[in-house]
Amino acid sequence: MSTPIRVVVHGALGRMGREVVNATCKDPDLRLVGAVDAKAEGNTLPLPVGTGTVPLAKSLDSILTQVQPAVVVDFSNAEASLAMVRLATKHKVNLVIGTTGLSPENLDEIDRLAKVNGVGAVVAPNFALGAVMMIHLAKIAAKYFDNVEIIELHHDQKLDAPSGTAVSTARAIAEVRGKPFVHPKVQKETVGGARGAELQGVALHSVRLPGLMAHQEVIFGASGQTLIIRHDTINRECYMPGVLMAIKRVVDLKGLTIGLDRLLGLQ
Ligand SMILES: NC(=O)c1ccc[n+]([C@@H]2O[C@H](COP(=O)([O-])OP(=O)(O)OC[C@H]3O[C@@H](n4cnc5c(N)ncnc54)[C@H](O)[C@@H]3O)[C@@H](O)[C@H]2O)c1
């Protein structure tokens, strides 16, 4: 059996970070060796499966020298993530980043720093394998339909609308089609906004309700038929197979890989 991959979680006390700590501890191919979070109190994190503790710190710097991980997994915020990248790549550590809100310039910098330091970086705005498949299937269908609308449904605490996944789905299917979709206007919108937002001819509708997690429907329409591709998540565990796969693959990569498509053989 090969040596387990040494993992540090950055943002370890957040909602996603806690899931990653849990999932990493349960995977025999991985070893959680440290945790970092700005709101850390104390210097140890008890492991959820009752197998002891790992070092915990507010600062990545001290953890990197102390535990020498092969991979840092980051679910924090864009600013903290970028600071993490600059430091971790200097230490020749590979990166798996789920934090959203990184700009194209940030991604260029991550690619450059990863290449210069000979490490891999996977940045995925959505680690749920089903969501990746939804976009992939929608891209296949996109060539054969002129009309499409997206309904995304999320919990009421979500800060932004439409969701990043809805926006990237719209962009991806419009790119495959090579021109905007047909967006029929109504003669009279009796309540403003009823037809949703519009991106590349794709109508985008955002539902925000307590009781929901993250859901999306891509609805293609043509004469006499519709095709609906729908993805539902019910908890944050849905992201973990994608995160664990990225950790295991990133150690063999160099430079930046965006999204999971390539890792899943979809490109
Ligand atoms: N890629 C995906 O599939 C996916 C899925 C869900 C959420 N996300 C993204 O992951 C990120 C985190 O989401 P969340 O719901 O876990 O948020 P959260 O607020 O629950 O957790 C973020 C954690 O980062 C910590 N943090 C902030 N600044 C830090 C710093 N400088 N150093 C170390 N730790 C720091 C915070 O203390 C907090 O514990 C967001 O950007 C979110 O959009 C991505």
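Which residue in β2 is the bridge partner of Val8? I began my notebook with this point and found that Val8 is paired with Gly34 of β2. I note at the outset that the model is predicted.

**Entry: the domains**

I looked up how the chain is divided. Domain 1 takes in 5-123 + 237-258, and domain 2 covers 129-234. Over C-alpha atoms, I found the centres of domain 1 and domain 2 to be separated by 31 Å.

**Entry: the sheet of eight strands**

I then traced an open sheet whose eight strands follow the order β3-β4-β2-β1-β5-β6-β7-β13, with mixed pairing. At its edges I found β3 (44-46) and β13 (255-258); each has a single partner strand, so one side of each lacks a neighbour in the sheet. On average, neighbouring strands of this sheet are turned by 25° against each other, direction ignored.

I recorded a general point here: strands of a sheet pair through backbone hydrogen bonds, either parallel or antiparallel.

I next examined individual pairs. Strand β1 (residues 5-10) runs parallel to strand β2 (residues 30-36), and six bridges join them. β2 is also joined to strand β4 (residues 53-57), again in parallel, by two bridges. Within that pair, Ala35 has Leu56 of β4 as its bridge partner.

The pairing of β3 with β4 is antiparallel and has three bridges.

I then considered a pair of helices. In general, two packed helices are described by the angle between their axes and the distance between the axes. The axes of α1 and helix α7 (residues 240-250) cross at roughly 65° and come within 10 Å. The crossing of α1 past α7 is right-handed. From α1, Glu19, Val20 and Ala23 meet Met240, Val243 and Leu244 of α7. By class, the residues of this contact are five nonpolar, no polar and one charged.

**Entry: around the ligand**

How many residues surround the ligand? I found 24, of which the closest are Gly11, Gly14, Met16, Ala80 and Gly98. Helix α1 (residues 15-26) gives the most to this shell, with three residues. By class, the shell holds ten nonpolar, eleven polar and three charged residues.

**Entry: the sheet of five strands**

Finally, I traced another open sheet, in which five strands stand in the order β9-β10-β8-β11-β12 with mixed pairing. β9 (197-199) and β12 (225-233) are at its edges with a single partner strand each, so one side of each is left without a neighbour in the sheet. Its neighbouring strands are turned by 20° against each other on average, direction ignored.

Strand β11 (residues 214-222) pairs with β12 in the antiparallel sense over nine bridges. In this pair Ala222 stands opposite Gln225 of β12. Helix α5 (residues 129-142) lies across β11 and β12 and runs at about 165° to β12. I also found helix α6 (residues 164-177) packed on the sheet, where α6 touches β8 (147-154), β9, β10 (202-208) and β11. The direction of α6 makes about 165° with that of β8.

Conventions. Residues are numbered from 1 along each chain as its sequence is written. This is a predicted model: local features need pLDDT of at least 70, side-chain atom pairs count only at pLDDT 80 or more; totals for chains, interfaces and linings use all residues. Domain bounds come from an automatic or database domain assignment. A residue is near a molecule or strand if its C-beta atom, placed from the backbone, lies within 6 Å of it. Helices (H or I, at least four residues) and strands (E, at least two) are DSSP runs, numbered from the N terminus. Ala, Val, Leu, Ile, Met, Phe, Trp, Tyr, Cys and Pro count as nonpolar, Asp, Glu, Lys and Arg as charged, and the others, Gly among them, as polar. Two strands pair if DSSP finds at least two bridges between them. Axes are lines fitted to C-alpha atoms, for helices over the stretch in contact, and angles run from 0 to 180 degrees between N-to-C directions. A crossing is left-handed if the near helix is turned anticlockwise from the far one by less than a right angle, and right-handed if clockwise. Two residues are in contact if their C-beta atoms, placed from the backbone, lie within 7 Å.
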